[in-house]
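User: I'd like to learn how to read the sheet and the chain pairing in this model. Can you walk me through it?

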Number of protein chains: 2
Amino acid sequence: MKIAVDAMGGDYAPAEIVKGIELARDAYPDLEFLLYGQEEQVKPLLQDSTRIELISAPEVIAMEDEPVRAVRRKKQSSIVLAATAVREGQADAFFSAGNTGAVLAAGLLIVGRIKGIDRPGLTTTLPVLRKPDQSSFVMLDVGANADTKPFNVVQYAIMGQYYAQSVMHVSNPRVGLLNNGTEADKGDKAHRAIHDALSAMDEINFVGNVESRELLNGAADVVVTDGFTGNATLKAIEGTALSMLKLIKGEIMSGGLGGKLGAGLLKPVFKNVQSAMDYSQYGGAVLLGLKAPVVKTHGSTKAPTVKNTIGQIRELLASKSADQLVTYFAEHGDQMATLKESLK
Amino acid sequence: MKIAVDAMGGDYAPAEIVKGIELARDAYPDLEFLLYGQEEQVKPLLQDSTRIELISAPEVIAMEDEPVRAVRRKKQSSIVLAATAVREGQADAFFSAGNTGAVLAAGLLIVGRIKGIDRPGLTTTLPVLRKPDQSSFVMLDVGANADTKPFNVVQYAIMGQYYAQSVMHVSNPRVGLLNNGTEADKGDKAHRAIHDALSAMDEINFVGNVESRELLNGAADVVVTDGFTGNATLKAIEGTALSMLKLIKGEIMSGGLGGKLGAGLLKPVFKNVQSAMDYSQYGGAVLLGLKAPVVKTHGSTKAPTVKNTIGQIRELLASKSADQLVTYFAEHGDQMATLKESLK
């Protein structure tokens, strides 16, 4: 398995990316890497080039570049060259910590969609807290599309199910629709239509509507939603978790000696809490629905997360879930066409 | 000022509602109450009927009743009778902890909208954590409408601004649009249109798009959004805060002696954190855009929150913000018609 890596994307690129790829190379003997970046910057950082081929990419797509335009114009950038390597079969997956919009655009325009899938969905893994038999769930779309049609969300359920089976190893994942109440008739017309379509599909273990309040409690293994609501929900969870930790730390620091003593004794507890909420340990966000895995991690990614994410890509590749999706949508072309028509 | 109260709504009704109303009566000598409920249940609970008139409402709208149908059919219910008292001028505001949908429906169908306002917006106050000059913000709509048009969100900005001025006493409240990025061109067509309309309005102190990640950090004083996204965001914030507290407590309990000792010392810290996150202290959710305040608190409301919420209604009434909104929309009829047309 060969992974094309954008060495130039992210706040700590290229140093932490290169370091992370070397960690992953050492951890996974079955992996090879194509590392795209500015040679004069990347070459001095690479300590050992075993199974890592450095390929010169003179251009860089910056965080503030307009995504689609950058992908169209900067043909010699690490993002465009790495995605092109996947399209041309030189690599099996594409990894980047760079400009999210540009990574999504490169995935869509260069790697390409699976035939039959209208819109790929950005998929994130989030923690489930204190539930003995479930440690995480996936949610999609969390922001690849701002304009989502009901038909797209139904397709997200199929993609999410394959993903949960292959990467989370849940055999019969519970799929829930994010809605503003659990009753079947909740939400606007679009959500009622999605609910009814998912209920009617035998191949989906649909558990009905789920509310954002219950996600961290494990309401479902796969949560499907339009990209706008998914993005707002993901960022609300992130923001609240961070604010709560900051608040608690601030309260301790402004407390008296008792509080500070208590804080010392509670250090391991806070470490566990922080690690439970740190979903970067679950790897990056995957753009599902493309011919090959395209995975994006947070801009602030450092070497250990790069390594974990590569491990996640390795599982994705080993499970052949992209091939399974290709087969599914090839075999269900008529059903999808009927469904699309009925959801118009 | 006279407030019509639904004594029968909520998990702890009528006992905690009656207790809370008595607390409010003792705290605010300028308030009178019309208390609607089943006489045989409520009468024995009422210790002192000074400034509290008990009015018999033989029917009850249950939590599981279908809201609009219940409001139409149960004419002798506490919710319908209390809302009717407001419509007929016998009371100045309506308070309930009951079936949310029924309270919203009674507000809309019985109390009635302010002329010129298309859709009322459910408005909640949430805490801002650790910012010296801002302790809270308001967000609307958090779920009155599942189908929201851009024009409605623009009107929410005006309503929210009046509310922040009159209840939060912020003289020039910063209004933000909840979106999936802060740049002006973020979101779908509808959000770009709302952004442009708000930018063009001199009477709104519009600070642009805000992300749900930054709400608890005080990104704006008033956050406007469609009811579906607002509902998902509110519930994600609630759910994450509760899960974090549970997680931390669970980690402490499963830790050794050191952790438990630390927890003892940290008790005041947790108390502060819990109270900072407990937005019921800020009162109930207000359905803005009606001719008189209609306020709904959480079903689990107990007496102290009833009292706080009555205090909030008192401020709302004293500020005459409903009258100010009536005047604003009466004076801006032409502008609103043009805006509505342009946002179609």
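This is a predicted model: local features need pLDDT of at least 70, side-chain atom pairs count only at pLDDT 80 or more; totals for chains, interfaces and linings use all residues.

User: How many bridges join β6 to β9 in chain B?

Analyst: Strands are DSSP runs (E, at least two residues; helices are H or I, at least four), numbered from the N terminus, and two of them pair if DSSP finds at least two bridges between them. Here three bridges join β6 (136–140) to β9 (222–224) of chain B, running parallel.

User: And which strands does helix α5 of chain B touch?

Analyst: Contact means heavy atoms within 4.5 Å. Helix α5 (100–111) packs on the sheet of chain B, touching β4, β5, β10 and β11. Its direction makes about 180° with that of β11(B); axes are lines fitted to C-alpha atoms, for helices over the stretch in contact, with angles from 0 to 180 degrees between N-to-C directions.

User: What about α11 of chain B?

Analyst: Helix α11 (303–319) packs there too, touching β1, β2, β4, β10 and β11 of chain B, at about 160° to β4(B).

User: What order do the strands of chain B take?

Analyst: Eleven strands form an open, mixed sheet: β3-β2-β1-β4-β11-β10-β5-β6-β9-β7-β8. In chain B, β3 and β8 stand at the edges with a single partner strand each, so one side of each has no neighbour in the sheet.

Conventions
Residues are numbered from 1 along each chain as its sequence is written. Chains are lettered from A and ligands numbered from 1 in the order in which they are written. Side-chain values use heavy atoms; hydrogens and water are left out.
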